[in-house]
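Thanks for making time this morning.

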Amino acid sequence: MKKYITVRMGNYVSFFYDKKAAVVIAALGAAAVLLFLVSVGSGEMSISPVEAATALLGYGEEIHQTVILTFRLPRVLVAWLAGMALAAAGAILQGMVRNPLASPDVLGITGGAAAAVVAFLALFSDENNSLTVSIHWLPLAAFLGATAAAWVVYMLAWKNGLVPLRLVLVGIGISALMQALTTLLMIVGPIYRANQANVWITGSVYGASWQHVSFMAPLVVGLLLVVMLAARHVNVQELGDELAIGLGSAVERQRLGLVLLSTALTGGAVAFAGGIGFVGLMAPHMARRLVGSAFGALLPTAALLGGVLVMGADLAGRMLLAPTEIPAGVFTAALGAPYFIYLLYRSRKT
Amino acid sequence: MEALQAKELTLAYGEALIIDRLHLTIPKGKVTVLIGANGCGKSTLLRALARLLKPTGGAVLLDGKEIAKQPTKEIARRLAILPQSPTAPEGLTVLQLVKQGRYPYQTWLKQWSEEDERAVARALAATGLTELAERPVDSLSGGQRQRAWIAMTLAQETDIILLDEPTTYLDLAHQIDILDLLFELNEKEQRTIVMVLHDLNLACRYAHHLVAIRDKTVYAEGKPEHVISRQLVKDVFQMDCQITYDPLFGTPLCIPYGKGRHILQKEGVS
């Protein structure tokens with residue numbers, strides 16, 4: 001079986017990987033790195049990708065280093081991480097629900113995280129527009145909001161099992177409710193926050209700083225590693241409950257664990273990059289087309305695609321109408337909404 | 001020797017009682033076939049035997065111990081279940097599917113051991129799918145697809161295999177093909193096979209032990225040649241028939257009455 005890479009160390013460590021998927025992932029990784037270099041090089045001062053790479057390595061012109069390291073790098077990294085996190089969250093949900101319509105935004109999980117973040121901002125900021133508590137609590141608030149929304153959707157949609165369409169409908173309902181809640185919080189909350197929150201809700205990495213990156217990077221990368229190691233659990237869940245139980249999976253417990261991973265990833269992304277929509281829907285679906293359904297291949301592919309989508313949307317938002325900035329979420333929504341309709345149309349036929 | 005036992009087993013979906021205080025012993029190393037009319041609860045019983053359904057009363061025993069009290073992963077190394085018409089995720093290849101059978105043997109770091117590789121290769125060979133390993137499951141014919149699912153349960157390397165109507169939606173040739181495969185597994189490797197079948201005549205041909213379900217319990221069980229009679233078919237299926245013998249195998253053959261074209265001379269019929 002030379003189409004596969006097998007790694008074995010003693011009796012206790014062994015892994016298996018599809019070569020074709022490895023090639024796709026390597027290519028996507030290269031594309032992501034290239035887009036990353038273009039992105040940190042783009043702006044009022046244009047820097048070529050080669051010069052950007054040189055500056056990142058600590059060489060080249062000092063002004064390049066300052067512009068990239070101080071101003072551009074954090075936001076591009078936050079965009080990349082947010083895209084990966086949202087795509088991974090969507091991939092987990094789609095595998096568990098066994099339906100391509102599932103994603104953190106469609107199921108109201110992003111909305112829950114957003115409402116929680118706006119509530120957090122309204123509660124814990126002073127007149128100078130700065131937080132009265134550490135920003136490190138923000139992802140926790142987002143995670144709790146995401147988990148609460150997921151729980152409500154699950155409780156309302158569960159009736160002798162989960163029918164995907166009912167889940168999606170309940171999710172859309174909860175999404176709308178969360179949006180209403182968010183708007184309400186912005187109206188009753190302090191006015192100086194409202195404008196900023198509005199941009200943030202659409203999904204923007206405008207204000208990203210190193211402080212954000214230093215917290216978000218280990219969180220997202222760590223969660224992605226855990227999800228990767230849990231790939232086989234998602235794989236059996238994709239066969240349906242009966243087969244999963246038959247194969248010895250503790251379905252209920254694993255489902256809970258996977259939902260929590262998914263809401264944690266969504267929360268992490270939303271806390272720092274806002275409600276960037278449809279990435280969690282599109283990226284996993286596109287990845288499935290590229291590498292198939294096996295989750296070990298699907299997850300990294302989806303994550304890289306998600307990163308590329310959000311970095312690309314952020315780049316477009318910065319460059320198209322410069323110096324006016326368009327939030328990245330506007331572009332992902334412009335791309336994602338038709339995609340969602342296309343998926344709905346396809347699922348109607350089957 | 002018993003492989004699986006049901007004691008005072010009571011099963012219900014919500015308020016609806018399906019199986020009522022049933023006793024059943026599945027003999028080890030034999031082919032057991034459950035038969036019964038539509039909706040009699042034979043599939044439900046099979047699901048309970050595989051711990052997919054919690055009993056509302058009584059218990060299922062695996063090696064004499066209550067199945068509900070044993071770790072599910074350990075059960076999965078001794079007992080495999082193939083539900084009725086399973087569906088594979090879009091684009092999943094045969095190899096990827098069959099690999100899932102190794103799930104109960106894997107850990108966080110041990111995900112593809114040499115035993116895993118051997119078991120999967122054996123399962124593919126036994127089902128004649130080695131050549132098709134790279135094909136997506138949804139691109140296969142019905143018979144091949146069912147073989148792929150059976151290969152997955154084989155990769156699980158369990159002594160007991162439960163199958164819910166493994167021949168549904170297959171043409172006659174493929175039905176025989178699948179049943180021969182299961183029979184051979186039993187003959188060569190003494191695996192205990194328990195399945196629900198709709199075709200009474202094929203059930204009689206392949207089963208060492210036949211179990212007829214009626215009125216929420218076991219109506220009759222034993223060797224097909226001892227169990228099958230006009231009265232049993234009448235009671236279990238509410239159908240009149242004549243019982244004769246399979247000219248090839250000598251096992252009971254049920255010929256139903258009903259309407260249809262009579263082309264025999266009247267005096268030719270006894």
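Predicted model: local features only at pLDDT ≥ 70, side-chain atom pairs only at ≥ 80, totals over all residues.

In chain A, the axes of helix 5 (residues 138-157) and helix 6 (residues 164-188) come within 9 Å and cross at roughly 135 degrees; axes here are lines fitted to C-alpha atoms, for helices over the stretch in contact, and angles run from 0 to 180 degrees between N-to-C directions. Helix 5 and helix 6 of chain A are therefore oblique to each other, given that angles under 35 degrees count as roughly parallel, over 145 as roughly antiparallel, 65 to 115 as roughly perpendicular and the rest as oblique. On the side of helix 5 of chain A, the contact is made by A149(A), V152(A), V153(A), L156(A) and A157(A), and on the side of helix 6 of chain A by R166(A), L167(A), V170(A), G171(A), I174(A) and M178(A), where two residues are in contact if their C-beta atoms, placed from the backbone, lie within 7 Å. By class, this contact of helix 5 with helix 6 of chain A has nine nonpolar, one polar and one charged residues, with Ala, Val, Leu, Ile, Met, Phe, Trp, Tyr, Cys and Pro counted as nonpolar, Asp, Glu, Lys and Arg as charged, and the others, Gly among them, as polar.

Residues are numbered from 1 along each chain as its sequence is written, and chains are lettered from A and ligands numbered from 1 in the order in which they are written.

Chain A as a whole has 14 helices and two strands, helices (H or I, at least four residues) and strands (E, at least two) being DSSP runs numbered from the N terminus.

Turning to chain B, six strands form an open sheet of mixed pairing, in the order 6-7-8-3-9-10; two strands pair if DSSP finds at least two bridges between them. Strand 6 (79-82) and strand 10 (217-222) of chain B stand at the edges with a single partner strand each, so one side of each is left without a neighbour in the sheet. Strand 6 of chain B runs parallel to strand 7 (residues 160-164) of chain B, joined by four bridges, and I81(B) has L162(B) as its bridge partner in strand 7.

Finally, where the chains meet, 25 residues of chain A are in contact with 27 residues of chain B. Strand 2 (13-18), helix 9 (231-237) and helix 10 (241-246) of chain A each supply at least two residues of the side that touches chain B.
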